[in-house]
Amino acid sequence: MGSLPHTAVLIFGLLCVLQLSHSSSDNDFTKVRAVNLGGWLVVEGWIKPSLFDGIPNGDMLDGTQVQLKSVALQKYVSAAGGGGGNVAVDQDVASSWETFKLWRVSDSEFQFRSLSGQFLTRSNDDVISATTDSPGDSETFFIERNNSLLHIKLLNGSYLQVTNNNQLTSNYRSQPGWGDDMATFEMTIVANYLHGDYQLANGYGPVQAKSVLTEHRKSFVTVKDFHLLSQSKINAVRIPVGWWIAYDPDPPAPFVGGSLDNLDRAFHWAQIFGLKCIIDLHAAPGSQNGMEHSASRDGSVDWPSEANIQKSLDVINFLAQRYADNPSLLGIELLNEPSAGAVPLDILVSYYKRGYKIVRSYSETTYVIFCQRIGNADPMELYQADLGPTNTVVDLHYYNLFDPYYEKLNATENIRVVYKNRLPQVQALNSANGPLVFIGEWVNEWNVANASQAQYQLFGKAQLEVFGEASFGWSYWTVRCNSVHWDYEWNLRNRYLIIGSSTLGRPHYMILVTGCLVYLLSILT
């Protein structure tokens with residue numbers, strides 16, 4: 001009886017080897033059929049909301065927009081002109097001048113940023129103004145909270161209060177009550193949509209954030225996902241990373257180290273299962289689009305400065321140098337979704353050209369991928385920019401979402417958009433003299449309420465057919481998500497999306513066999 005488990009293990013091992021030996025050896029490049037590993041090494045709270053559950057005052061994260069109303073005067077705190085002068089408490093209705101973005105210092109200490117970017121601060125005569133560009137102790141306020149009611153205290157112990165002539169001062173010396181006290185304010189949270197790496201790390205603090213992110217990175221994407229993808233006709237993964245990966249293991253605060261080890265692990269898994277990797281600089285220094293997935297602190301777009309651009313190029317250099325000789329590297333995407341409204345084309349083109357040269361200094365074959373600006377921008381602008389002579393790709397992101405136009409379309413109309421609008425653009429760009437075309441993000445989701453499985457299948461089929469025309473290929477967003485129709489694996493299991501065949505790569509069977517044999521030997525000896 002003691003030899004039976006060993007015999008069973010040996011039979012299993014032989015079956016593994018036989019199966020691998022009969023697998024296809026086709027390794028010809030055709031087109032990319034990829035899945036994004038979104039929400040893994042760059043956090044997006046909507047993908048996994050539970051990541052933020054343990055943050056104290058979790059509705060007051062960095063970038064949360066708030067309005068403050070005096071309980072005594074029943075008027076709003078207002079930075080006239082959006083900031084730059086004294087603050088008054090004189091508005092009956094709140095708008096942009098009465099809205100402040102939070103910068104979180106701790107779970108009870110905050111700074112308030114006005115529309116124009118200046119922070120609330122205390123002057124020598126105790127009057128509060130919005131006149132400081134870089135916050136410090138004088139711009140940091142301790143919050144005492146009773147649900148939506150606040151007391152706002154300076155670090156010296158005095159409280160903010162309103163005066164009868166509508167000023168905001170910092171000379172309330174005693175402990176205020178929660179009634180109609182001149183030092184009591186009602187807080188309205190206007191927007192709390194930023195749930196990215198900055199909000200998570202700064203919300204938890206360094207110790208707890210490291211614990212949360214270490215567990216998340218270990219479990220959110222695993223070797224099992226790479227195996228499933230390889231078995232579902234996917235041949236590549238697009239891996240979003242943040243700029244702080246180049247500073248691992250100790251990136252600048254508040255970011256948390258450890259993403260580099262996980263990226264290394266992804267390359268190892270990709271090599272085992274015959275997948276290719278596209279590294280995507282998803283979050284650049286200063287944020288290129290003001291969104292959570294670019295790690296923006298408060299929605300500002302501060303990337304277009306020479307310092308941040310140079311830091312981004314340094315990250316590209318780091319990634320290219322580290323992975324250029326890795327057989328699983330397919331491409332490096334220099335920047336994800338730069339904002340058309342905040343990133344001038346000439347600055348972006350200059351960055352793309354410099355980034356291209358950096359990648360070419362390490363590899364002549366790695367694809368260099370340039371993402372289209374999001375917003376009001378024509379992708380043809382990148383084809384006219386002469387970004388580089390060889391192995392270049394332009395990345396477009398197609399969603400039947402995020403625009404009022406799509407909100408009232410039914411299933412048939414959504415499918416018609418794919419064929420009538422998307423297909424001609426893909427074909428035109430395919431015919432342009434320049435980079436290959438990559439649909440780097442798309443999803444089998446829309447605004448159609450109560451759509452049937454059959455309707456989702458038709459929508460997915462249309463997108464697969466049209467995006468399959470792109471000369472470089474496509475990548476689905478995303479591998480796993482709290483919203484199930486965004487979840488590639490859920491779509492696959494439940495047959496809402498049906499993928500065809502692939503010939504980009506094959507599993508490295510000898511590596512698999514070796515792994516099996518090592519495992520067998522560890523059991524038998």
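Which residues is asparagine 36 in contact with, leaving aside its neighbours within four places in sequence? The first close-up below lists them.

This is a predicted model, in which local features need pLDDT of at least 70, side-chain atom pairs count only at pLDDT 80 or more, and totals for chains, interfaces and linings use all residues. Residues are numbered from 1 along each chain as its sequence is written, and side-chain values use heavy atoms, with hydrogens and water left out.

**View 1. Asparagine 36 in strand E1.**
Asparagine 36 belongs to strand E1, residues 32-36. Strands (E, at least two residues) and helices (H or I, at least four) are DSSP runs, numbered from the N terminus. Asparagine 36 has 0% relative accessibility, so it counts as buried. Buried means under 20% relative accessible area, exposed over 50%, and partly exposed in between (1.4 Å probe, protein chains only). Beyond its neighbours within four places in sequence, asparagine 36 is in contact with Arg238, Gly440, Glu441, Ser475, Tyr476, Trp477, Thr478 and Val479. Contact means heavy atoms within 4.5 Å.

**View 2. Lysine 31 in the loop between H1 and E1.**
Lysine 31 sits in the loop between helix H1 (4-21) and E1. Its relative accessible area is 28%, so lysine 31 is partly exposed. Phenylalanine 472 is 441 residues away along the chain, yet the two C-alpha atoms are separated by 5.4 Å. The lysine 31 side chain reaches the backbone oxygen of glycine 468 at 2.8 Å. A polar atom of that side chain also lies 3.4 Å from the backbone oxygen of alanine 470.

Arginine 480 forms a salt bridge with aspartate 225, with the closest N and O atoms 2.5 Å apart. Arginine 480 lies in the loop between strand E20 (473-476) and helix H11 (488-493) and aspartate 225 in helix H4 (residues 223-231), so the pair ties together parts that are 255 residues apart in sequence. A salt bridge is a side-chain nitrogen of Lys or Arg within 4 Å of a carboxyl oxygen of Asp or Glu. Glutamate 489 also meets arginine 480 in a salt bridge (2.9 Å, N to O). Arginine 480 is partly exposed at 23% relative accessible area. Aspartate 225 is buried at 4%, and glutamate 489 is buried at 5%.

**View 3. Arginine 238 and aspartate 280.**
The side chains of arginine 238 and aspartate 280 meet in a salt bridge (3.3 Å, N to O). Arginine 238 lies in strand E14 (residues 236-242) and aspartate 280 in strand E15 (residues 276-283), so the pair ties together parts that are 42 residues apart in sequence. Arginine 238 is buried, with a relative accessible area of 0%. Aspartate 280 is buried too, at 0% relative accessibility. Salt bridges that share partners join Arg238, Asp280, Glu333, Asp395 and Glu441 into one network.

**View 4. Arginine 422 in helix H9.**
Arginine 422 is placed in helix H9, residues 411-431. Arginine 422 is buried yet has no salt bridge. The nearest side chain of opposite charge, aspartate 403, is 8.7 Å away. Here Lys and Arg count as positive and Asp and Glu as negative; His and the chain ends are not counted. Not counting residues up to four places away in sequence, arginine 422 touches Tyr398, Tyr399, Asn400, Tyr406, Val417, Val466 and Phe467.

Terms used:
A polar contact is a pair of N or O atoms within 3.5 Å; within protein, one must be able to donate a hydrogen and the other to accept it, and residues adjacent in sequence count only if both atoms are side-chain atoms.
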